[in-house]
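Hello,

Here is the structure I promised to pass on. Please open it first, then read my notes below.

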Amino acid sequence: MKDNKIRLQKHLAECGIASRRKAEELIEMGKVKVNGHVATIGTKVDPKRDKITVRGKNVVANTTKMYIMLHKPRGFVTTASDEKGRKCVTDLVKDADVRLFPVGRLDMNSEGLLLMTNDGEFANKLTHPSYHVNKTYRVTVKGDANDEKIIQLKEGIMLDGEKTLPCDCFEAERKPDRTVLIFVIQEGRNRQIRRMCEAVKLEVLRLKRTEIAGVKLGMLPRGSWRPQNEKEMRRLT
């Protein structure tokens, strides 16, 4: 008899609930149930037979894939929901009429380009470290952003006992009280650029993501979203 069961996190990704990595986090947090029982990592399901819920809501397979870009403003958290009651990026895309989740993270005090989708495999490809996707940021810092510090940032900074990958970092603009740096990184650690700057005594005043894998934010107004076009999708896939 054919076994139709697949890993739970893969099914959740295919249903547009979250990327595989995020789905694993939801399972580890006890937010996912299969046939009324709390699921664990390693659980397999038969999508046609098993009843699966996330945070008490039934999981229904999506048939239409959607890919959008959002100009995330500061003050929004990059999650589908927030237990602390903070504003979420999903609040900005309710008119999409499809349940979307963010691809990767952009911390609450940062702004700029954020991709959102209901395609878990697409999200996994863009966020998995092995794919080395370039992400570009325009970062305004306070402090002496001298050549020595820029070289340190480019070569890598120790964070949580592990050195960041080499990145591109250069000065774009200098004023008496601040400097604008451009970062191009391939990682997505939590608050990575802010922590890298803190390590070399630079205070981040503003952080804006402007590009992902050659797809640019452009003139999209803050707080607005639009579908990605065919050319952008070719760059991302």
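Start at methionine 69, which stands opposite arginine 226 in strand E17. Strands here are DSSP runs (E, at least two residues), numbered from the N terminus. This is a predicted model, where local features need pLDDT of at least 70, side-chain atom pairs count only at pLDDT 80 or more, and totals for chains, interfaces and linings use all residues. Residues are numbered from 1 along each chain as its sequence is written, and side-chain values use heavy atoms, with hydrogens and water left out.

Met69 sits in strand E7. E7 (residues 67-72) and E17 (residues 225-227) run antiparallel, joined by 3 bridges. Two strands count as paired if DSSP finds at least two bridges between them. E7 also pairs with strand E9 (residues 111-117), again antiparallel, over 6 bridges. There, histidine 71 stands opposite leucine 113.

Next, an open sheet. Its 4 strands run in the order E3-E2-E5-E6, with antiparallel pairing. The edge strands are E3 (37-38) and E6 (57-58), and each pairs on one side only. E5 (residues 52-54) pairs with E6 over 2 bridges. Threonine 53 stands opposite asparagine 58 in E6.

Best wishes

Definitions and conventions:
Buried < 20%, exposed > 50% of the residue type's maximum accessible area, 1.4 Å probe, protein only.
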